[in-house]
Amino acid sequence: MNVEYSYEKTGYSNILAPKIPELTIKNLLGSKQKSLNVLLDTGYDGFLVIPEEIYEDLELHTFEVMEDEIPIVETFSGEKFILRTANTLIEVEELLDETIIEVDTTPYCKEPLIGRQLLELFIAVLDGREKILKLEYPENDV
Amino acid sequence: MPNVLIRDVDTDTYTNFKAKAAQEGLKLGEAITKAMQVWMESKKTLTKKDKQRQMNLLTYRKLKTTLHKEYFGKWILIGQGEFLTSGDTLDPIISKIKDLKLEGEHCFVFQVGKEVQKRTFGFGRRVQR
């Protein structure tokens, strides 16, 4: 499966970034779910970071990863803070069936971002000239 | 962002604060914003979920050595301040959460000893302090 995504900015961000239009996130019971438009942040090496409101809405605190297992996060400027992390299910339309990943949250996150660990599930081509992000999930992995 | 005039600030505290902010390379407004955020955070009262989290954390701390010795690699569920179940997969954990109607309550669900990659936010521009 191979899907191309817009590289242009989304309506709610002033920063140019590619996006994946439809990522569905569910809690492990499958009882709560939400569709997210997410931005790709290649400087973030987790799977997915979401604002606290979404984390609470999906009741992800029921599936939290022990904080000892989650290292303190460091930003480019050297600031450190602790994340809350939960196991969750995600699905990407036309591309990825239900998969368990770790989702992070912090009060400082204002919009959902996907990071390199999620990107590493795919073959990703960032075509700057065409302003397109191409994601491929190899058929033999399905 | 608003410009504010603040009266009745203690002179010594203000002088020291301003010097410290300069030393850290922060504008006074930035430093005061951070100080206000820290102060507000410290005033937060604990919610029911926060209390559950603390209880679960305490249980984990007590059991940590045993878990790493006897349950290494297994999925663990800690909730209601107790070690509730373990399994080789997530299935028994999910069943237990359903059986005990724990959805919405704080629980820890994790694989003992699983290495979690360190998180770094490259430029941190959209993860704002």
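Chain A has two helices and 11 strands, where helices (H or I, at least four residues) and strands (E, at least two) are DSSP runs numbered from the N terminus, and its elements run β-β-β-β-α-β-β-β-β-β-α-β-β from the N terminus on. The model is predicted, so that local features need pLDDT of at least 70 and side-chain atom pairs count only at pLDDT 80 or more, while totals for chains, interfaces and linings use all residues. Residues are numbered from 1 along each chain as its sequence is written, and chains are lettered from A and ligands numbered from 1 in the order in which they are written.

Of the 142 residues of chain A, 37% count as buried, a residue being buried if 20 or more other C-beta atoms, placed from the backbone, lie within 10 Å of its own, exposed if 12 or fewer, and partly exposed in between. Among the contacts in chain A with a separation of 6 or more, 60% join residues 24 or more positions apart; two residues are in contact if their C-beta atoms, placed from the backbone, lie within 7 Å. Leu23(A), in strand S2 (residues 19-26) of chain A, counts as buried because it has 21 C-beta neighbours inside 10 Å. Neighbours within four places in sequence aside, Leu23(A) is in contact with Leu36(A), Val38(A), Ile90(A) and Val92(A). Glu93(A), by contrast, is placed in the loop between strand S7 (84-92) and strand S8 (96-105) of chain A and is exposed, with 12 other C-beta atoms within 10 Å.

In chain B, three strands form an open antiparallel sheet in the order S2-S1-S3, strands being paired if DSSP finds at least two bridges between them. Strand S2 (82-87) and S3 of chain B stand at the edges, each with a single partner strand, so one side of each is left without a neighbour in the sheet. S1(B) and S3(B) pair in the antiparallel sense over five bridges, and Gly79(B) stands opposite Cys107(B) in S3(B).

Helix H3 (residues 48-70) of chain B has 23 residues and reaches 31 Å from its first C-alpha to its last, close to the 33 Å expected at 1.5 Å a residue, the expected span being 1.5 Å times one less than the number of residues. In H3(B), Gln52(B), Arg53(B), Asn56(B) and Leu67(B) are buried, and the buried residues of this helix pack against strand S1 (75-79) and strand S3 (107-111) of chain B.
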